[in-house]
Amino acid sequence: MEHRQTINDAHSKPILCLEYNPHRREILSAGEDAVIRVWDEGGKFLSCLTDHVGWVTGLLYVREHRVLFSVSIDGMLIAWGTNGKPIQKVETGSPIYSLAYNPRRQQLMLGCNKLVRIYQRVNNEDNRGVSKDVLEEHSVTCLAHDDIVSCVVSVEGRFYSAGYDQKIVIYDIPHHGNLKLRVSNVISNAHHAAISCMIYGKDADNSWYNVLVPFIACWKTHKAPNRLITGSFDRSVRLWSLDGNLLQRFEGLSDTITSLCYVLPTQTLWIAANSHSPIVYDPRSGVNVSDFVRLGGDQFSEAGGGACFKHLVFVPEVNQVLASTNRRCIVVWKHSPLGAVTLLPGHQDVVECLAYTTKEPLLFFSGGDDGVIRKWERLQLNTFMYSQEILDIPKEEVQEEPPLETTFSRIPEVRRLRQAALHKRISAKLQTWQHLEDVSEEDGLMLATDALAMGRKKTATFRTPASGRQGMYRGLVTAAKINGKPRREREATSKPGVVAMTYSEELDMLIAGYEDSKIRGYAYNEENMSFLPETPPEEGIDAGLLADESVANRVAGMSMKFTLEEHHDAVTGIACFSRDGASWLLSTGFDRRICLWTYNTLLKVFELHDIFNNASAGYGKEELAADGSILDLEYSAERNEFGYASADKLTYIRSFSPRASEMVLRAVLHGHEAEVRWNKIFKQWVTGSEDRTVRIWSAEGIPCLRIINNVGPVTALCIDNINGAIITGSQDKFIRVFDPEQRDQLVQKNMGHGDEVRSVIHVAARNQYISASWDNTIRIWNAYLKKGQKGHLPGATQTAQSVPVPVDLVNELPEADAPRPSKNSVYSKNKVDRAYQREELEKDVQYTFSSMEGVLTASSVGILSRYLVP
């Protein structure tokens, strides 16, 4: 959900209700000022309706008849026409607090004090133009409540009401005969306090599966096609079946629940509880996912002056959420299919690189200038939340912080290193300094978001003269005291930043290159496996998966296993692959050297095998593979070649050989210096650069086939593993996808990052892109799929159950995407043809996804999983 706009000072008094007119695309608001105001989608004020004399407590637009109903504590029900004029006024004689319309029965229900009142819509055929009234004058009342009826909901052929007496009342209305109102069920003490709001929600496919329903002695999964959701003054939210059975509870909220809305595109529940931002829950798992679903950052918080949200309304026609605050502001969000699915905070500095695993369990890793690698794994409770494990460098390897160089350099890679170092230094100091020395504590200027943002304008800072740059930060670096006390100096040690990463599936090992010229390898702690308790496999879980050693190792955690020291500067390119029965590691960096390492299976470490040597080069340059610092490295298994991009604006293609001196130069690609990738779908080399273009080259390297205009400087490059699309990350904060089969047209554009995008990867098994940025965050996006394209086994990795895969299908998949074969495979290669195997596999995947959502907590909550009944 993207924040679109904020309408400030929409009313002179608090706003009590919101509504949307989809036919005119207008926002309607009303409140304690007794005025209904009309706004266009851009937030421009259009008109106001002023026929009420008391607080307007409810607005309802009936789309079928294009009529707006409004109710007030003055006891007046008014029907408004399309021209903004009232077409009917009904005096009820008592305050009205809520209303709902049933399109099936064509009836309108009002919630009053201790009673509900229902009106029948006038039949146009019987009326024959005699009257312009919308509702019949006769009404039916029911005294089923003991206090104010605060909310009314219509679902199919029923009405539901709830109020301050803690009751939920269910009404049945006959579909023929005279207007009648019959109470079919009363839920007393539905909450421990007054019920303030109630909504009706259903999933996109009209089904919410596997809600955990508590019973006295056990738990079981329950299929809930539709649900009622109530919020109360007891600071809890409860989910009910349409028959009145309690399904789920969300408790422990910070304040009174004032409003609810279910956002259909994201399948999340938004809660207003006097908080500075709506609280977002995943109704399937009952988990608060607000930290992973950002709703616009500080945009509306600053515009609303730190206001608290009071009312929420979801508009399904335009996929928008309307909200009001106690500062009389209206905030609008709109769902964007190109927005980020999940945002993962956690890094303390810019994020530079990403790596991921292609087999179960799917993991991905992120590293940046804070010197910490984070391992991320999606929780099986929902699709929003991820757990993280920190892979840190041992303290004995942390070096003292080098002096900061501030002189200007014309070399791009040097500028990048210096501006990253400057950013790290300023960020650390800003976290320590809170007030300037010459400002009093009462009127102190807090160095918070604004100062940090100023310090993070990296490119502009490094292109200014030295004197200007020093003047920009003079106010920051001269602060010597905090609240009158001497400031504490920063620690003398700093961690080297992570520049490049790759993951070896064959070795189950993460290999990372650092700024301090070292390569460090991380592997799983196999020695910890002996301490894991032996538990029998649960019912429905494939025993072969549990017995798989590589999967079990991943549960044990990771730690650093070795350090390779051969480079003389930052390591910016790493490629790990298997060839001729051996595992090889290629590494390169700013020192312009290419090192070749081989894996020792006994010691389980990489050992230096050879260093590239160009005998034809001049004296002292034999080991230099390029004239400029090398910025990126890519290996092509199909051609047994590797390419590397250099700051000399050239990309070199060489054949791989166990003897470094025999790595023959195949081609030199002119014009680009930043990124290089091999497109295995179209058998092409792809390069990107800061000149705002992407170039596509033939498999042999020359000639250049096409040039794509990327608009912004290319800072990250990736190839879609399913359709061969080219994915770019740019300095302008956008992620763009170009389809070579559609003449390199721009087919998708993702936005949401707050700074330069530094790395992009494609997780084919989940049809997702993952990006890392200098805004210190990682974001996950839906991948580009062509029309009618299903992607790569959708849903197969979203369950905790192992799905047996036919041996034929495993062999057909790319090696990197092939799942580990299960020992209990139920398919026979000799009995079933490939088409039938594929069809059966898809059925099993779909069945597994629908039936195992309720037991996804089995991996993280072992005790609970023992009581789950299939």
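**Exercise 1. Determine how many residues of strand S10 (residues 98–102) are buried, and which residues lie on each side.**

Solution. Strand S10 is mostly covered, for 5 of its 5 residues are buried. Here, buried means under 20% relative accessible area, exposed means over 50%, and partly exposed lies in between (1.4 Å probe, protein chains only). A strand is a DSSP run of E with at least two residues, a helix is a run of H or I with at least four residues, and both are numbered from the N terminus.

The model is predicted; local features need pLDDT of at least 70, side-chain atom pairs count only at pLDDT 80 or more, and totals for chains, interfaces and linings use all residues. Residues are numbered from 1 along each chain as its sequence is written, and side-chain values use heavy atoms, with hydrogens and water left out.

**Exercise 2. Describe how S10 pairs with strand S11 (residues 107–111), and state what is found in the hairpin.**

Solution. Strands of a sheet pair through backbone hydrogen bonds, either parallel or antiparallel. In this analysis, two strands pair if DSSP finds at least two bridges between them. S10 and S11 are antiparallel, with 5 bridges. The hairpin has 4 residues between the strands, and Gln 106 takes a positive phi near 55 degrees.

**Exercise 3. Carry out the corresponding analysis for strand S58 (residues 734–739) and strand S59 (residues 745–751).**

Solution. S58 and S59 run antiparallel and are joined by 6 bridges. Asp 739 has Gln 745 in S59 as its bridge partner. The hairpin of S58 and S59 has 5 residues between the strands. In the turn, Arg 743 has a positive phi of about 60 degrees.

**Exercise 4. State the order of the strands in the open sheet that contains S52 and S55, and identify its edge strands.**

Solution. The sheet has 4 strands in the order S52-S53-S54-S55, with antiparallel pairing. The edge strands are S52 (675–679) and S55 (704–709), each of which pairs on one side only. From one strand to the next, the twist averages 20 degrees; axes are lines fitted to C-alpha atoms, for helices over the stretch in contact, and angles run from 0 to 180 degrees between N-to-C directions. S52 pairs with S53 (residues 684–688) over 5 bridges. As one example, Val 676 has Thr 687 in S53 as its bridge partner.

**Exercise 5. Is Glu 641 buried or exposed, and which side chain does it join in a polar contact?**

Solution. Glu 641 belongs to strand S49 (residues 641–646). Glu 641 counts as buried because its relative accessibility is 5%. Its side chain makes a polar contact of 3.1 Å with that of Arg 639. A polar contact is a pair of N or O atoms within 3.5 Å; within protein, one must be able to donate a hydrogen and the other to accept it, and residues adjacent in sequence count only if both atoms are side-chain atoms. Beyond its neighbours within four places in sequence, Glu 641 is in contact (heavy atoms within 4.5 Å) with residues including Tyr 635, Phe 656, Arg 666 and Trp 685.
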